[in-house]
Amino acid sequence: MAVPTTAEPAEGLTSAEAAARLAAQGANALPAAGEERRWRLLVDVVTEPMFLLLAACGAIYLLLGDRGEALMLLGFVVIVVGMTYAQKRRTERSLAALRSMASPRALVLRDGRPQRIAAQGLVEGDLVLLAEGDRVPADLVLLAASNLAFDESMLTGESVPVSRSAGATVHAGTLVTGGTGRGRVAATGARSAIGRIGASMAAIAPQATPIQRQTRQVVRQVATGGLLLATLLCLLYGWLQGDWLRGLLAGLTLAMAVLPEELPVVLTLFLSIAAWRLVRRQVLARSMPAIEQLGATTVLCVDKTGTLTVNRMALAQLWSERSGAMVPGASMPADLRALLEHAVLASHRTAFDPMEAALGAAGDQWGAAAPASWQPLRDYPVAPTLLVMSRAWRAPGRLAAVAAKGAPEAVVALCGLAPARAAAVTAQVAALAQQGLRVLGVACATADAAALPAVQTGFDFTFLGLVALADPLRPEVPAVVAQCHAAGVRVVMITGDHPATAIAIARQAGIATGAAAGACLNGPELDRLDAAQLAARLAATSVFCRIAPQQKLRLVRAFQAGGATVAMTGDGVNDAPALKAADIGVAMGARGTDVAREAAALVLLGEDFGALLAAVGEGRRLFANLRKALVFIVAIHVPIVGLSVLPVLWHGPMLLMPAHILFLQLIIDPACSVIFAAEPLEPGAMRQPPRSPSMQLFDHAVLRCGLLQGGGLLGLLTGMYLWLQDAADMARTAVFVTLVLANLGLIFSNRRWRAAEVRPTARRNRYLAVGSLLAAAVLALVLGVASLRSLFAFVPLDLPTVAVCMLTAVLGVAWFELVKLVAGRGLGGPGL
């Protein structure tokens, strides 16, 4: 859409002026909001259950007189608090940056030309261009208006759109429901009307996603059971061995071992990392759960212009009944020149629509532009019942020159052509459309400038001819469509184009293939079908043409009723209901309205069709890696819990102490938050069908595999402990070393669930090698330095014992691989 020109010679601010004003406005921002969030985050970290348990263990060691152990624990507390704070702070900054990118945008005049910027970058004095579908980004004083209407319900509660003219003030957050205009920024941010309301809500925390709520529920249930078990162990230890202080320490150690505090951190971090990966592919995630749901997509509904095509229109041919078809040029006949002139008149002078821009460029090139003295009187926009737009211009004298362009069949009906003439026009439209050209009909009329009719049908239009525009297919589209089909994702095209044009582009893209290559369901046919008939047609139809925006909603719901998980692209105001109803709504960022962006879960910033496939792959990668991390978390906690409980039941000394749990935590947290998150998608995963939408992150398959892997490792470590139990310190050292080595093996084993393809891609995850070497180096340091060894209650190991430790760890890895082979099938889904 475009903004009509006015006599006011406003070019807006320069970039330097805007930067200076933005810096000055920053001083008036809400004070200390970021500082308060940082302190709140630090308080949240230090009051987490794990750190409270550590502090309690340190206090008990002081009561026992073991000052060295207490100081070591407190040192660990400082390190782990610092790591956790840095990790959460980084995640918070990432999510804040993503929210900033997802904020409303503004089309402003900077340095004399239109620029699209984030609303936060506006300054007082900026000139903002408004069009239908935009969310007003700041309080504005209107300088020019053409049929402008606003939905101000979010401020006033009144749902009826309100008309505004030049000189009026419109407020940030309101929605442009019709017309175009230009306004000067009067207030931004906290100084705007909606900003003053929002300032009181700055401290309200964002709502958790359904997956996060599910995770927290699991954490609460496991933590409650763990605390009960820890209390029972404390009482049992005190009763059996008569040492209640040691019993309390054993209970706290078990609580530390059971508490799955990694889960919320892992989930949030995985989602934020996936969101940033998508940003690098020019896909902005406005809804975190949508990233995970992408992996289950089975139907991808896309429009043609700008998604499958390059969205750079160029005028290809002109056709009139008298002169026939001709490529535009300087020697055009008079009737074709008049045709081009009125096509330009039916467009906006400052055009952002690619078709209007192409017509305007052709008019400038061939001298068919509207006279500079003519001014627009009234616009008649496209309506669902009449796919034609008209513009009335003030011509010399009392007459108004009216130009109309739109769907050829609608223009033919508007002009009331005789059946024979209408059939000839229809045949020419089909011939042009079969070449993949976008065809528009053009008509003209005159009227009294002082008494314009209320609707387009009130004019007496004369048919002028057809304009055909070319918008070539993006070169990467056929390969991407083929990859989608290989991944089990069906691609369908929904467009407002002529059937022949739609089918021609669909064939080039590989969407319309086989016996149904020529099948196309159009909007009027769609309206005549009931639900059962539509469901039958969907199975054999991949091209939907002449579809009005409101009909997209019915198509989305019909696909969903058939069990599909639907991702859909859209850009207009009327696309918002369908985008909201789709499982994953995708707004076209460059040419999409703010309303479409707000209704969508994803925003395609670059309008690259290949980015949609990359987003689907990222969704599969996220789901697969999260489940791998969950299996690892379950598996790793089983031997830790078992080794905390069994020695007490056998009246032996504690095998694992708080320091040992912390050391293992320094392996578990990076493994969950870095190594598994960085794991590439499984080879061949994008050649598998999507997972079932009913598959959950936490299910019996994850629990079964984790318990089997962890239970087998616990059995091996228990056997080693029984063999060495006569030497308690030797047994503790050997069991701990084996546990660390087996944990590293567990990470390596669980990062791939396709056994035949484990090794070839090992080099692709550099974090695995770095993490393994770092853990081995720290373990060697603890065993090699006498003071550290004594703090951990370790003793030097002889070579035979080291060999046994390594052999046991190797047996553990073999057991992990056997579990994957036998029980891993239940994990299911691409990537697993």
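User: What distance does helix 14 (residues 419-433) reach from its first C-alpha to its last?

Analyst: This is a predicted model. Helix 14 has 15 residues. At 1.5 Å a residue the expected reach is 21 Å, and the model comes close to that. From first C-alpha to last, helix 14 spans 21 Å.

User: Within what arc do the buried residues of helix 14 fall, seen down its axis?

Analyst: The buried residues are Ala422, Val425, Gln428, Val429, Leu432 and Ala433. Viewed down the axis of helix 14, they line one face, because they fall within an arc of 135 degrees.

User: Which exposed residues does helix 14 carry on the face turned away from its buried side?

Analyst: Exposed here means over 50% relative accessible area. On the face of helix 14 turned away from the buried side, the exposed residues are Pro419 and Ala420.

User: Which helices are included in what covers the buried residues of helix 14?

Analyst: The cover includes strands, among them strand 10 (314-320), strand 11 (324-326), strand 15 (438-448) and strand 16 (462-470). The helices included are helix 13 (408-415) and helix 16.

User: How many residues apart are cysteine 520 and cysteine 545, and where do they lie?

Analyst: Cysteine 520 sits in the loop between helix 16 (499-509) and strand 18 (521-522). Cysteine 545 belongs to strand 19 (residues 543-545).

User: Is cysteine 520 buried or exposed?

Analyst: Buried means under 20% relative accessible area. Cysteine 520 has 15% relative accessibility, so cysteine 520 counts as buried.

User: What is the relative accessible area of cysteine 545?

Analyst: Buried means under 20%. Cysteine 545 is buried, and its relative accessible area is 0%.

User: How many residues apart in sequence are glutamate 618 and arginine 277?

Analyst: Their side chains meet in a salt bridge at 3.0 Å, N to O. Glutamate 618 lies in helix 22 (residues 609-649), and arginine 277 lies in helix 9 (residues 262-280). The pair therefore ties together parts whose separation in sequence is 341 residues.

User: What relative accessibility does arginine 277 have?

Analyst: Its salt-bridge partner is glutamate 618. Glutamate 618 counts as buried at 8% relative accessibility. Arginine 277 also counts as buried, at 14%.

User: Which residue meets lysine 628 in a salt bridge?

Analyst: The N to O distance is 3.0 Å. Lysine 628 is in helix 22, and its partner is in the loop between helix 23 (658-675) and helix 24 (700-724), 54 residues apart. Both residues are buried. The partner is glutamate 682.

User: How far apart are the closest N and O atoms of glutamate 679 and arginine 752?

Analyst: Glutamate 679 is buried, with a relative accessible area of 0%. Arginine 752 counts as buried at 0% relative accessibility. The two form a salt bridge, with their closest N and O atoms apart by 2.9 Å.

User: Which residues are linked in a network of salt bridges?

Analyst: A search of the whole structure finds 16 salt bridges. Lysine 628 pairs with glutamate 682, and glutamate 679 pairs with arginine 752. The linked residues are Lys628, Glu679, Glu682, Arg751 and Arg752.

Terms used:
Residues are numbered from 1 along each chain as its sequence is written. This is a predicted model: local features need pLDDT of at least 70, side-chain atom pairs count only at pLDDT 80 or more; totals for chains, interfaces and linings use all residues. Side-chain values use heavy atoms; hydrogens and water are left out. Helices (H or I, at least four residues) and strands (E, at least two) are DSSP runs, numbered from the N terminus. Buried means under 20% relative accessible area, exposed over 50%, partly exposed in between (1.4 Å probe, protein chains only). The expected span of a helix is 1.5 Å times one less than its number of residues. The arc is that of the directions from the helix axis to the C-beta atoms. Contact means heavy atoms within 4.5 Å. A salt bridge is a side-chain nitrogen of Lys or Arg within 4 Å of a carboxyl oxygen of Asp or Glu.
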